Structures are given as structure tokens and as C-alpha cells.
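Trainee: Hi, could you walk me through this one? I'd like to ask things as they come up.

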2 protein chains.
Amino acid sequence: MKRIAIGQAGGPTAVLNTTLVGLVDNLKQDYELLFIKDGYEGLVHEKYTVGSDKILTWLKQQKDVAGAALGSGRYQMSAKDVETIILFFKKQKIDTLIFIGGNGTMEALSKIQCEAKRQKYALQVIGLPKTVDNDIYYTDHAPGFGSAAKYVAYSTRDLSNDLKAMKNFEQVRIIETMGRNAGWLAAASGYLKELDYEGPHYIALPERKLDVKHLEGVVLETIDRHGYAIIVVSEGVQWENGAQIEQGIIDGRKVLGGISQRLADYLRGKLNLMVRAEKLGMNQRCSTELVSLIDKDEAYAVGKTGAEWVQKDYSGVMVTLQRKEDKKYEVEMKPISLQDVANKGERLMPDEFIDKPEKYYAWLAPLID
Amino acid sequence: MKRIAIGQAGGPTAVLNTTLVGLVDNLKQDYELLFIKDGYEGLVHEKYTVGSDKILTWLKQQKDVAGAALGSGRYQMSAKDVETIILFFKKQKIDTLIFIGGNGTMEALSKIQCEAKRQKYALQVIGLPKTVDNDIYYTDHAPGFGSAAKYVAYSTRDLSNDLKAMKNFEQVRIIETMGRNAGWLAAASGYLKELDYEGPHYIALPERKLDVKHLEGVVLETIDRHGYAIIVVSEGVQWENGAQIEQGIIDGRKVLGGISQRLADYLRGKLNLMVRAEKLGMNQRCSTELVSLIDKDEAYAVGKTGAEWVQKDYSGVMVTLQRKEDKKYEVEMKPISLQDVANKGERLMPDEFIDKPEKYYAWLAPLID
């Protein structure tokens, strides 16, 4: 018998709850489950619910619901907090910890594991990945990204057709995507483009320096050819002074956002055209109606794999998705050390995908369709 | 044999091209068609394409595409322009004019009809309605609204679940919808709300005066109960000084937008909470993946009705959708005078729907599902 603490952390995805249900559905029935509320905050402040039948029934109904059924959120965890968490585990006789999260979560799990070891407390730790930014290393991709990429691709296509219809009134739209410091999501905006006149006509990625003068030229040339221009810009793109545009620092975390408005204001002033900023916003990570079915299946499978690894006594690992070498798209789940993920940091887009978008789109295709 | 000028005008919807295809599919094959580019601008400046087989084949492929296949847009039409249009019709021997558009289009068609009569030029004029704002009188609703309402309802539900997960980091989201001076779209945000804790927790409509102090209290009380608050605000809501928040006056048209940011800034300052503005943006009117199937069917049927009325020699009329009195939802198409539509102006939400949201949702249900 095991006593397992289960939690979700960080920004939700459209399939974050699917992973949770995949996990819970496949854990052995005689395990005792403690559901941690509001991410690490719940670990530190002992906020949890015991997995009664009623809770489990409710939880399984949340499979297709956006957000995080347990509560997720952000929390700056101190070294003292990590000690507190181990005390909580001792008191509650928790022997297994499973969290679904991104890079920050894998780092947190890694710290908790170290502290348990230091205190000679036996703790099995498993991380299940989720991200819309696709910035986790050692996994081909992670649940949440495919759905967000699909949202960005379809939105850009539709927004482009919409603008084309309105070009005697409005000439430029600057579409802002999520992605933090990585360009994966912004780059997905070009996935459905088939014809030269369709947007996006330019994609600004955080991996490359923004050249506003050059962009100005691209806009003018595109309008000259097609009468309108769709520019996509990742929230993480730095303005020419090297600074990212942010909404503020909240709880020690830089909340990005606003580069599209900044660019729109700039281009409007320079070109005397109607330029509108279109920030795709939180719908990118929570639109359950535009979910990618393969993403949803993989999200569930990641949870299921977590359950299997609990029984196999794997510890200190995150589930990764690895593409098989076959022509047909298929993934297998393999473990990677949590510490390796934590140490490696944010995974940016590789040059080969930035320089050869068709290569990126071929990689992306199975995650969206 | 007839020679028919066909055009699209105003902001697109996700099903504007469906109506166009419904029309073209059902017009008699021996009619000669002139497709007008870019709305009235094309009428004034003689921008058109003759309906060749190639054009017709291409056009029918645009049925599910966002935007306006012919080009739509905005154009301030002067009295002189109207005279120019009649000259163009005489030269091209146009005897029928069909435009798909909103209130502005019906007004424009009405003016063109008057001028043709004054010049004793026989012209059949038919208007086909489209709107995401649902602000056209004499029709139960018009194509485009159902899909936009669906987008708003699903987005609000998902954004609410997403915020609920993040409440230790972010407490308030102000969701801004389209709608111009009418609250139909904003009010649709509550359609999927089932439980007390789900958003929206407050909807600000342009039909009612904004009371910021009251809203502040609602936000505090909602956070007290649930830990987070989802506020929906229509772009047309006036700030307390009586002014709407606008992005500017473009070609004589007031472009609304920004009330969510203004409210977010205000509440952040007053309440010292993390408050984010979520402007749903152009996706509301162009998201083809979230289209309402009934809306799409009706859009096609409106075009088909237009084609039938051409043959019946109806003139000076707009197609309206009238609900039958049966329990089962069904509509029939009836004509209304273009001049009546033009004179009546914008259709706001009636008090009974504002005061009894459940009545509004019952009315809305068949348009979304």
C-alpha cells in the first residue's frame, strides 16, 4: 500500500486535467490518495483533500474541463518551505509525490527529492510534464502544446482571412502569442498557410533579435503586394533595447505581454495605417473546443504512464514522450532524471526549425491533427 | 435574363461566405453575375469580377472560409457616390443588386434604391443580413451572431476554469466582447454557467450605466466567496463620464475597444490584486472552428432565399428570420422593407432579456447548439 500526494502546478493547459484523470484512473485501487490544492502552496500550507469515492467521481468528470481541478497556481518556494513539506510528508506518511507541471515544477520536485534524501526520508517522486510553451527539454514535446499550437494556427489563418476582407479599412494586424522565451507557439502560426497572400507574412521569435526597421519594410512590401499584412510576434520577443515587454513582476515572476501593442503603436506612427494588436490571450491555453485530439490522448497516456511507474517504483524521474523512428507517428514514454530537466532550463527552438519552417511544420503536423 | 451585382460589406462573420455561396448556388444559371470587390467602394470605383466558371468554382470553395471572399470593408458613401453607382449600373446594364451586410449596408441599399427611382432606373434591390452584434431590427437574429455568441460563451467558461486554477496568482479577469452599442454578445457569456462559483460573476452591458463603485464591491464579494472573479464587459459600455473607450475614429467610424484594460487598470489600483484584461478580439467574428452549425445552415438558407426572391422579383427588401410559434425551433424567411430597417437603427437588448437572463438563454440556446 502506498500513500500518494498528487498535485498540479503552473499555468493550466486545455488537457491538464486529462493527465490527472489518466493518472487517477490507472493507480491501483488500494493506494491512498491525497490531492494537494493549489500546487506547492498546498504542500507548504497542508491544503489537501483525501481521495474519497465522492472526490474521485467528481475528479473523473473534469477530464475535458479547462484549468486545473485541484487548483494549480504559482508559489515562490523557499528552502525553508522545502523542509516544511518533508515534515508534512512525515506527518501524513506520504511515500509518493506526483506533480503535473512544467520546468518550474520539475525543479521544485528535484529540490523536494534532495531534501528528503538529506533527511533520509524515503520518497518516490515522479513528474508529469505539461506546457503550452513547449520549453521542456528531453521530451519531444509535452501535453498542452499541441492544443495551444492548433489554436494559434487556426486563429492566425482565420484572422488573416478576416483582415483580407477589411483591407480598405484596416491594413495590419499584429498577433501576439504566448511562449515565454521560446518561439514554438508563435512559429506554429504559419502551419496552415498555403498561399503567398495568406498570413502570417512575418513571424518574430524570441530566439532572434527584433529588427523593427526591417519589419517596417516587410509590412510595406507586403501591403504593396497584398493590401494587408499579418505579423505574428511572440510575447517573449525583446524590443530593440533588449527588454521584454511585461505586464509586471508578480510574486517574483515576470509576466510577459504587450509587445503587439507596442509594435502596433510604433507601426501606426511610422506608416500612418490602421494597425491593430490582437493578443490571443489565455484562450491559447484553455480553449477546450479547439483541443487537439492527439494531444488529449497523449495527455491521458502520460498520466497512465505515471501510474504504471508508481507501481514499478521509478523515482526522481519525469515522463518524456519520444518519437519512434518509424514513418508513422508514434511515441513511447521514457524516464528522464528530474534533476537533468531542472538543470537544463528552458528549451528554445533549434535553428534548423527557425531557418527551415517546412521542417518545423512536418514535425508539428502529427501534434495538431 | 438578369444581370446581377453581388457584394459583401462591413465586418465579416464566420459564416458570411456561407451566405454568399447559398446565394450563388441557387441563382438560375442563365443569370449574369458581377461580383463587386470591397463592398460599396467597389460599386463607386467599378471594381468587380465577372462571374466566370472559374470564379464560381473558386467561390464555392470559400463556403467555410472566414472573412469575405469578394472583399468587404468599410466606405463612407456620399450622395455623389450614390449617383456614380447608378451610372455604373446603367453602363453595365445591371438590373439587380444584392448585398450581404448589416445595418449600414441596408441603409446604403436603401439610398441606392431611392436614387435609382429618382433617375427612373429600374433596379431590383435585395439585402441579406449578417451581424455578430445582433443589432439588426425586424429579424429574430441574423447569420454570424450564433457563432460569435458560441465563441463568447465557450471562451468565458474556459477562461473562468483557467482563472479558478490560478487564483493564488491572478484574481480577476475582465473579458471584453464585441457588440458595439448592443449587449447581445456580452450577455451570451453567461450561457454555459451552471454553478455559482463559475464565471461570469458580473456582465456589464452598454444598455445600462456602468457603476464602477458597485462593480468594485461585486469583485470584492466574489473574491471573498470564490477566490477569483470573472467580469465580462461589452466594448460599448460607457465609462462613468459617459464616454465609450475607443481606439480612434477611422474613416469616420468610431472603433471601440479598450474598456477591459481601463477597468483592469482601475481595479488593480483600487484593490491591489492581479487583474488582467482579456479582449476576445477578432476571433469572435472569424473563428471557423467554433462555428455554430445551426448558424451555418441559416447563413446558407438566407443566401438561398435571396436567390429565390430574385426570381420572384421582390425588391427593396431584406431577408428576415422569423421564429415559428412551435415548440421546436424553426425559422421562416420573410421580407421587410430595407427603408424600415435603415430608419430603425441599432437594435439593443430588450429589458426583459437583461432583467431575466434565463429568458435570454432560452432564446439563445437553439442558435448555439
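Trainee: What should I know before I start?

Mentor: This is a predicted model: local features need pLDDT of at least 70, side-chain atom pairs count only at pLDDT 80 or more, and totals for chains, interfaces and linings use all residues. Residues are numbered from 1 along each chain as its sequence is written, chains are lettered from A and ligands numbered from 1 in the order in which they are written, and side-chain values use heavy atoms, leaving out hydrogens and water.

Trainee: Okay, how many residues of chain A are in contact with chain B?

Mentor: There are 46 from chain A in contact with 46 from chain B, where contact means heavy atoms within 4.5 Å. Between them the two chains bury about 3,900 Å², with 52% of it on carbon and sulfur atoms. Buried area is the accessible area (1.4 Å probe) that two parts lose on being put together, summed over both.

Trainee: And which residues in chain A lose the most area to chain B?

Mentor: Those are A:Asn168, A:Phe169 and A:Met282, together 16% of what that side buries.

Trainee: Where do B:Lys167 and A:Asp38 sit?

Mentor: B:Lys167 is in the loop between helix H6 (145-165) and strand S6 (172-177) of chain B, and A:Asp38 is in the loop between strand S2 (32-36) and helix H2 (40-44) of chain A. Helices (H or I, at least four residues) and strands (E, at least two) are DSSP runs, numbered from the N terminus.

Trainee: Switching topic, what's the strand order in the chain A sheet?

Mentor: It is an open sheet of 4 strands in the order S7-S8-S6-S11, with parallel pairing. Two strands pair if DSSP finds at least two bridges between them. In chain A, S7 (202-204) and S11 (275-279) are at the edges with a single partner strand each, so one side of each has no neighbour in the sheet. The twist averages 20° from one strand to the next; angles run from 0 to 180 degrees between N-to-C directions, and axes are lines fitted to C-alpha atoms, for helices over the stretch in contact.

Trainee: How many bridges join S6(A) to S11(A)?

Mentor: There are 5, and A:Val172 stands opposite A:Val275 in S11(A). Helix H9 (residues 259-271) of chain A packs on the sheet, touching S6, S8 (229-234) and S11, and its direction makes about 175° with that of S11(A).

Trainee: At what angle do H8 and H9 of chain B cross?

Mentor: The axes of H8 (residues 212-226) and H9 (residues 259-271) cross at roughly 65° and come within 11 Å. Residues in the contact include B:Val219 of H8(B) and B:Tyr266 of H9(B).

Trainee: Last one: where are the cis peptide bonds?

Mentor: One joins A:Gly199 and A:Pro200, with omega about 5°, and another joins B:Gly199 and B:Pro200, with omega about 0°. A:Pro200 lies in the loop between helix H7 (184-187) and S7 of chain A.
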